[in-house]
Amino acid sequence: MKVSISTLKKYYSDKQVLDIDNLCIEKGKITGLIGPNGSGKTTLLRIISGLDSDFTGTVKYDDHLLDKDIYKKMTLVTQKPYLFKRRVYENIEYPLKVRRVNKKLRKEKVEEIMARFEIEDLRNKKGHLLSGGESQKVSLARAIIFEPELLLLDEPTSNIDPVSIKIMEREILNFNKETKGTVLIVTHNIEQAKRLCHRIIRLDCGRVVE
Ligand SMILES: Nc1ncnc2c1ncn2[C@@H]1O[C@H](COP(=O)(O)OP(=O)(O)OP(=O)(O)O)[C@@H](O)[C@H]1O
Ligand SMILES: [Mg+2]
């Protein structure tokens, strides 16, 4: 899915936090979003994901305005992911359940993604009792499992140990390669951005400075 942004302005009370004339997130590519704390990265992701509609300007998805269908094809993994008070297995299975995937296929897919992310040992833990890093791993697995056309990632590896970062980066790349899903990833790690991204966008005080 391609995302085209034009004349986007976002205010919190009278403070302007985003001012973007034109920005295109290319279809099938991994785009990095970098910039200092408070530069508007999370705000931009929330707007693109449809969670925040309090802005002026337009955001188009493959040349369409946001609707229910588009909403179902994308997902945002937040900086502090929210997981259900159920087992990790059920948390990861959930996006397939709401999309009415049959039980047998659901099981296959959950097993496959847990193996890929090397998180089989977390299977029976309760979602809300996981550590910060464990939650991020499970949330990325839960996002990728339904093969979204647009995957929005807000600092997905900020709490992650080096070995697990490698696994998560590998799976983000695999997802993009195998499904041609578009990825927009916020990171403070410039080396990570270089490893993963086809293009890197820098935000500063709400403006794009490429
Ligand atoms: N709900 C809110 N109400 C008021 N101001 C807010 C709100 N959320 C964010 N802001 C402000 O908007 C600006 C942009 O915040 P945002 O969270 O988008 O930054 P960020 O680039 O994601 O920063 P970080 O790297 O720390 O995650 C900041 O100045 C922040 O204080
Ligand atoms: Mg942020």
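Predicted model: local features only at pLDDT ≥ 70, side-chain atom pairs only at ≥ 80, totals over all residues.
## Around ligand 1

The residues in question are Tyr12, Val17, Gly35, Asn37, Gly38, Ser39, Gly40, Lys41, Thr42 and Thr43.

## The antiparallel sheet

Next up is an open sheet of three strands, ordered E2-E1-E4 and paired antiparallel. Strands E2 (15–25) and E4 (56–61) sit at the edges, each pairing on one side only. On average, neighbouring strands of this sheet are turned by 20° against each other, ignoring direction.

Strand E1 (residues 3–12) pairs with E4 over five bridges, in the antiparallel sense. One spot to look at is Ile5, which stands opposite Val59 in E4.

How many of the five residues of strand E7 (residues 182–186) are buried? Five of the five, so the strand is largely enclosed by the rest of the structure. Both of its faces are covered: Thr182, Leu184 and Val186 are buried on one side, and Val183 and Ile185 on the other.

Strand E3 (residues 30–34) runs parallel to E7 and is joined to it by four bridges, with Gly32 having Ile185 as its bridge partner. E6 also pairs with E7 in the parallel sense, over five bridges, and there Leu150 stands opposite Thr182.

## Helix H5 and what covers it

Helix H5 (residues 132–144) has 13 residues and spans 19 Å from its first C-alpha to its last, close to the 18 Å expected at 1.5 Å a residue. Because 11 of those 13 residues are buried, H5 is largely enclosed by the rest of the structure. Among the buried ones are Val138, Leu140, Ala141 and Ile144, but also Glu134, Lys137 and Arg142.

So what covers the buried residues of H5? The cover includes strand E5 (74–77), helix H3 (88–98), helix H4 (103–116), strand E6 (150–154) and helix H6 (162–179).

## A look at H3

H3 has its own buried set: Val88, Asn91, Ile92, Glu93, Pro95 and Leu96. These buried residues pack against H4 and H5. Just after the helix, Arg100 takes a positive phi of about 60°.

Key
Residues numbered from 1 in each chain as written. Chains lettered and ligands numbered in written order. Pairing = 2+ DSSP bridges. Helix = DSSP H or I, 4+ residues; strand = E, 2+ residues; numbered from the N terminus. Axes fitted to C-alpha atoms, helices over the stretch in contact; angles between N-to-C directions. Near = placed C-beta within 6 Å. Expected span 1.5 Å × (residues − 1). Buried ≥ 20, exposed ≤ 12 C-beta atoms within 10 Å, placed from the backbone. Contact = placed C-beta atoms within 7 Å.
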